[in-house]
Amino acid sequence: MSTNEVRVAPAAALLQMFEGVDGPTSYACLEVIRRLRSDASTRLSLHQIGLILDDLEVGVLEEDVLDALVRTGAFQNEAGTLRLTPTAKALYVADTGVTESVLAEEVIDLLEGTKHVDILPSVSPSELPRCVARVGRWAQSLLAHATERDLPGFPVFWQRDEERSVPLGLDVGSMASVDTAALLLEPARYGWPVDLAAADLASIARAWRYVLDLGIDSPGDWYDGAIFLPQFDDDFVGSFLPAQAKLGSCPATEAIANRIIGLLTMVRAIPDADKALVLKTIHRVEAAVGCLGRWQLDSGGWAIHRYEGDVHQLAPRDVSCQYAAEALVEVLRWSVIPETLRCECLRQLRRFADFIIANVHTDACGSWWDGDFVVTAEHDQLRTTTLLGLVLGRVAQELADSQLIEIQGLVVRYIQARWDPKSEQVFESTFRSPTWDGPALTSFTWDMVHDGFILVCILDWDARGGVLDTGTEEKLLRAIEGIIHSEYFGAWLDVPMFREGKRRAFVSNSLHNLRGVLSASAWIARSFPTGIGPGW
Amino acid sequence: MKPVDNHSIADEAEIVFSNSSAYVVELPMVGRDVENEILLDALRDAGNPRAVSITAPLGAGKTFFLGSVIGQYSRSNPSFDERRDRKEIMATNVRTPDEYGLEVSLDLDDKSLMEVLDLEVLFDGSTGRKVLVIEELDRKATLAQVRWCLAAGVAWLNRSPDRVLVVTGDATINGRHAAEFLGGTPSRDHIVLRPLDLDLLRLALHARILEKVLKPHNPFGDAGELDALAQKAAAEVLADDFIRWSAVPITEPPMLATFRDALGVLRGFAQNAPSHQGSVRFGRELISIIPAFQSGLAARASALEASLAREVETSIRNDVTLRAYTADELAGLVGSDGGPQFEKRVIRLLVRKSLLIPIGIPYEAHADDGQEATALAGPYIPSYRLIHSTLLDMLQS
């Protein structure tokens, strides 16, 4: 699919640069070169080389590495500092067996394996529905596994290989318990048909009842409509205190909101579901929306939890706000919504809109929010801006708010300028899970999808008639390619654990990436209606 | 109620023995009450600048300890917003003009300090008590990074009364370079975190086995009975003395054992232990699987490695504490005269191959006359890797 030449030099061929050098030293040299590249620098001190060798646990001295690299002609030793010599030439043997020369500054590119020159993505459009189908099959297997073993909920991670998926541990997650069924039904939200066999319907029904029963049904109580998980919650580590086991895990705003989204997804995907089940779902959704209303802060945002009487005051959190707003717009999409419920959703959304308008920053680069509305580090700003960008368009539409629409455009401009798609990137969010005694004493980190979220954010703007910046189309295609290529037998793996060599399929992130694929499919259909486009 | 055995613990080995930041297992913090109170006192001392230094080996739990205490402080101080009022920097990420930082002193003006490290800008928008944590003040940092970070940190602390400076690292914090700067703080506390010992490891295993193995399988079980079964299983994991040595080697000073290494090796044993029902049995034959999960390209060619292995073997056989060795003593083991070259080439190579751990104060030997500063400083104690390979040899012999 690429229209420009790609030169590939396997690392093994480059080893021949180090003539007369033993294996461990060659290996160490290559790693030092890789770090030069990843650090975007052209110099390394002996101390820094030593740190790299410490990490590798290679029995090689830094002076030997320095000597070997200098002998290639591509590097210089400046008083103990390794320096790349941009104009020097190095020799290497390409995989064609021919000896070629290359500029030293290109050595690093070659080591990466490809030299990108306007390369366009290499994924065919037909891959997208195939990917969606694989995810559906994986979801079917998880639901069937849970049904066969009568599992009390759904785990967050699964040990995954080509043949099977096995739960990682016995713990369940409040988010995973909703997202697992959503994996199978999500295409219905995008207008795709979802074929369900009898066994699937039985598994879905079981999952539906489980999610329904997670809710607290106690009218008048502060926690009416929240979630009761009687055990450790692997999605919010720290929220369960053994000393207060009877109270279960302390519920989080995002889990309550996600349950609303999941229940409505099930209702929509199974139009001929049992009427009693649907009626019960309406009541429970109503209660959950009521809970979100009580928990909405005076500022209009949401924290990860709101304690009765504000005995512990928590600050608004971007993830909590995004899920809560997402849940409210999903309720408003429902055609049979009672008028009181509709008014309540609009009321909460209006307050949320006022909150984000009051906290937005705008300049010539676009609009953004600080990380969790207070942190000025750029990666935190991008995370919060993207999360809010996911839902901004729909909130604007429901409220018919032209100011929000304008902000959405500026938000997308901000994100486009900072986006460099790489499939292994994540958005990190470190927080303290709520407990019955206040915020947990230990921190916990969510590693959320990065390109998947940004993709959905930008494509929502595009779908509303927004104009994308020059170059964004190429980024979108690269991101889609990255998401498809990182799929692993219908799932996406947890990135930090993958870096440690473990293949753990992560249900919630798989759902987020699936949404990216579904959004991308819709974009391709409307942007390239005849199937002919750049590179496709 | 079924007791824990090799099967049930193997099924949950990834969770019970998790030692990775990628997968979090909730673990109660135990045995740190005094240290806890020192840091809390500093945080609560509103209106007074306070400095706290925390020393512990890598993997001892500094980050966990810090997070827990700050969490306690946050709970009782609603105006403290951790995201806004607590900031961290890694010394190893700081770019310095050179590698030694000799031009840095307590008298250096703010403008010069901020050109290298501007700490004020980190706290934009922050009101009330501010907490700055400077981490990795250890042998991974250059001398310049250590000096610049401490100079900038102390200057930051002294600019306003409602600030707390926390510095964490290894023995570097006890050295004269650190003392040069931390001596300029109005009030300084020092915390040495208790290293991992067998009691602490048993407590941790007990908690994990109870929460992750027993309770999920026995949701209505009697609490007392479950607790007793968990305690029994934790004791059984460490019953064999070879297994104990492989997880928590006893050294003097006790600076080797970490949760990270102990849990890592025990996880390997759990995943490979033979079938055994009715109790947990990790027999010493499991030592033979250690090479299968060791990483790196370590080799045992040199005479010093062999000599050290003999020293380790003697300690294990007699069940006596392994001691630290000076550079000269190591040279003596192989009949060498020692000297700077011996330390620079031979000892450094063994440290690189993770066979020796340096526990001296980094850069302490550096003098102002331009003599090379060295991060590597003895004495040295044998490492996990050396102890494990020795146990393996003992088993096979």
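**View 1. The parallel sheet of chain B.** Five strands of chain B make an open sheet, ordered β2-β3-β4-β1-β5, and their pairing is parallel. The model is predicted: local features need pLDDT of at least 70, side-chain atom pairs count only at pLDDT 80 or more, and totals for chains, interfaces and linings use all residues. Residues are numbered from 1 along each chain as its sequence is written, chains are lettered from A and ligands numbered from 1 in the order written, and side-chain values use heavy atoms, leaving out hydrogens and water. Strands (E, at least two residues) and helices (H or I, at least four) are DSSP runs numbered from the N terminus. Two strands pair if DSSP finds at least two bridges between them. The edges are β2 (86-90) and β5 (188-192) of chain B, each pairing on one side only. From one strand to the next, the twist averages 15°.

**View 2. Inside the chain B sheet, and a helix on it.** Strands β1 (residues 50-55) and β4 (residues 163-169) of chain B pair in the parallel sense over 6 bridges. B:V52 has B:V166 in β4(B) as its bridge partner. Helix α3 (residues 33-44) of chain B packs on the sheet and touches β1, β3 (130-137), β4 and β5 of chain B. Contact means heavy atoms within 4.5 Å. The direction of α3 makes about 155° with that of β5(B). Axes are lines fitted to C-alpha atoms, for helices over the stretch in contact; angles run from 0 to 180 degrees between N-to-C directions.

**View 3. The interface of chains B and A.** Chain B contributes 44 residues to the contact and chain A 50 residues. Together they bury about 3900 Å², 51% of it on carbon and sulfur atoms. Buried area is the accessible area (1.4 Å probe) that two parts lose on being put together, summed over both. The rule finds 8 salt bridges across this interface. A salt bridge here is a side-chain nitrogen of Lys or Arg within 4 Å of a carboxyl oxygen of Asp or Glu. B:R352 and A:E62 meet in a salt bridge through their side chains, at 3.0 Å from N to O.

**View 4. The chain B side of the contact.** Elements that each supply at least two residues to the side touching chain A include α4 (62-76), α9 (198-217) and α16 (340-352) of chain B. Which element gives the most? α4(B) does, with 7 residues.

**View 5. Cis peptide bonds in chain B.** B:E252 and B:P253 are joined by a cis peptide bond, with omega about 0°. B:P253 lies in the loop between β6 (251-252) and α12 (259-272) of chain B. Another cis bond joins B:G378 and B:P379, with omega about 15°. B:P379 sits in the loop between β8 (356-358) and β9 (380-382) of chain B.

**View 6. The antiparallel sheet of chain A.** Three strands form an open sheet in the order β1-β3-β2 of chain A, with antiparallel pairing. β1 (43-45) and β2 (75-78) of chain A each have a single partner strand, so one side of each is left without a neighbour in the sheet. Four bridges join β2(A) to β3 (residues 81-84) of chain A. A:N77 stands opposite A:L82 in β3(A). Helix α4 (residues 62-71) of chain A lies across β2 and β3 of chain A, at about 130° to β2(A).
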